[in-house]
Amino acid sequence: MVVLRSLCCELSAVLTPRATRKGRGRCLYRGQEGESVDGDAFRELTEPHRGELRVHCYRMLGNLHDAEDVLQETMLAAWQGIAGFEGRASMRTWLYRIATNRCLNKRRSRRAKEWDIPGVELPEPTRFGEVVWLEPFPDALLPEESYERRESISLAFVTALQTLPPRQVAVLILRDVLGFHADEVAGMLDTTVDSVKSALKRARAALPQPPRKPAAAQDATVASFVRAWEAADVDALVALLTDDVFISMPPMPYEYVGREAVARFCAGLFAAGRRFRLVPTRANGQPAFVVHLRTGEAVGLYVLTLDGGRISAMTRFESNDEFWADRRSVRT
């Protein structure tokens with residue numbers, strides 16, 4: 001099929017001087033006898049969208065490693081299918097269509113991990129979480145976005161998305177977060193506009209209200225948390241928490257809800273003689289810390305959720321992967 005004029009225009013906009021000179025470089029666009037795009041030109045067409053597509057896949061899947069896999073699959077599929085791109089929609093919309101459908105095929109549940117912190121007796125949890133595949137998203141990988149768009153990468157929002165049916169998640173993100181029109185979303189998902197509207201209504205009704213914007217005292221709250229945690233001061237820590245605070249620790253399912261339960265968990269952790277140093281970073285647009293034992297070993301990543309000037313949630317992740325490598329070394 002002949003690639004339509006819109007694609008030709010996009011390609012011509014990214015032609016490099018070396019490729020437009022006679023006899024130099026490869027042809028970036030060939031006609032009816034096997035259309036193709038030069039690798040450099042393809043990257044120039046798609047690279048501006050790579051960052052936001054990674055975030056989109058993460059919102060859909062809640063897992064950064066899965067999002068990276070789907071992003072690579074999306075780019076490969078786009079490269080292989082570029083000759084079939086007909087220009088009815090923009091390159092960005094076409095890439096989102098591929099990525100969204102790849103995510104719908106990828107979503108799956110995972111097994112929870114057992115408690116594995118040596119020397120620490122686990123208190124009875126308040127409840128067991130279901131989204132054990134959740135991973136944090138480093139702020140360093142986030143594209144420049146508005147506050148409202150940043151809120152849609154928060155741990156609370158991404159976790160809530162994972163509890164919805166996959167197609168409702170896709171519709172909600174495409175419509176409310178990314179701003180695609182209902183007919184565009186219907187085209188991406190091969191469904192009707194009425195189905196899109198129905199799925200969006202159900203998804204909106206199922207999501208909790210977002211937390212308040214962090215207060216101006218956020219930095220002071222975070223600094224007080226660091227002091228309390230490094231000093232193993234449970235009373236000082238509890239004073240920073242909301243009444244309905246909770247701790248979760250994917251891929252382990254254990255969750256502790258309320259000040260009393262959180263205090264009991266932290267007291268048990270500190271009573272085992274574990275003392276920590278916190279190295280600041282950021283994840284999901286939120287304050288975060290790579291957590292080290294005083295021996296220097298990195299043992300986790302903590303992400304704080306703030307509601308006003310208090311901490312409403314603390315999520316512990318494992319930090320043994322490349323995304324946090326620059327924060328896993330600390331002087332003892």
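## Sheet and strand pairing

Two strands are said to pair if DSSP finds at least two bridges between them, and helices (H or I, at least four residues) and strands (E, at least two) are DSSP runs, numbered from the N terminus. In this predicted model, local features need pLDDT of at least 70 and side-chain atom pairs count only at pLDDT 80 or more, whereas totals for chains, interfaces and linings use all residues. Residues are numbered from 1 along each chain as its sequence is written, and side-chain values use heavy atoms, with hydrogens and water left out.

Seven strands make up an open sheet of mixed pairing, in the order 1-3-2-7-6-5-4; its edge strands, each pairing on one side only, are strand 1 (127–128) and strand 4 (276–283). Strand 1 runs antiparallel to strand 3 (residues 252–257) and is joined to it by two bridges, with E255 of strand 3 as the bridge partner of R127.

Contact here means heavy atoms within 4.5 Å. A220 lies in helix 11 (residues 218–230), and its C-alpha atom is separated by 8.6 Å from that of G309, 89 residues apart along the chain.

A220 counts as partly exposed because its relative accessibility is 47%, the classes being buried under 20% relative accessible area, exposed over 50% and partly exposed in between (1.4 Å probe, protein chains only). Helix 7 (residues 155–162) has six of its eight residues buried, so it is largely enclosed by the rest of the structure; the buried residues include F157, V158 and Q162.

## Nonpolar cores

A nonpolar core is a set of buried Ala, Val, Leu, Ile, Met, Phe, Trp, Tyr and Cys residues joined through side-chain atoms within 4.5 Å. The largest has 64 residues, and Y58, M60 and W94 have the most contacts inside it. Apart from it lies another core of 38 residues, among them A232, M252, A263 and L278.

## Confidence

The pLDDT, the predictor's confidence in each residue from 0 to 100, averages 83 over the chain, and 80% of the residues score at least 70. Among the elements of the chain, helix 12 (residues 234–238) has the highest mean pLDDT (97) and helix 2 (residues 17–20) the lowest (34). Over residues 1–34 the pLDDT is below 50, and this stretch has 51 contacts in the model beyond near neighbours in sequence.
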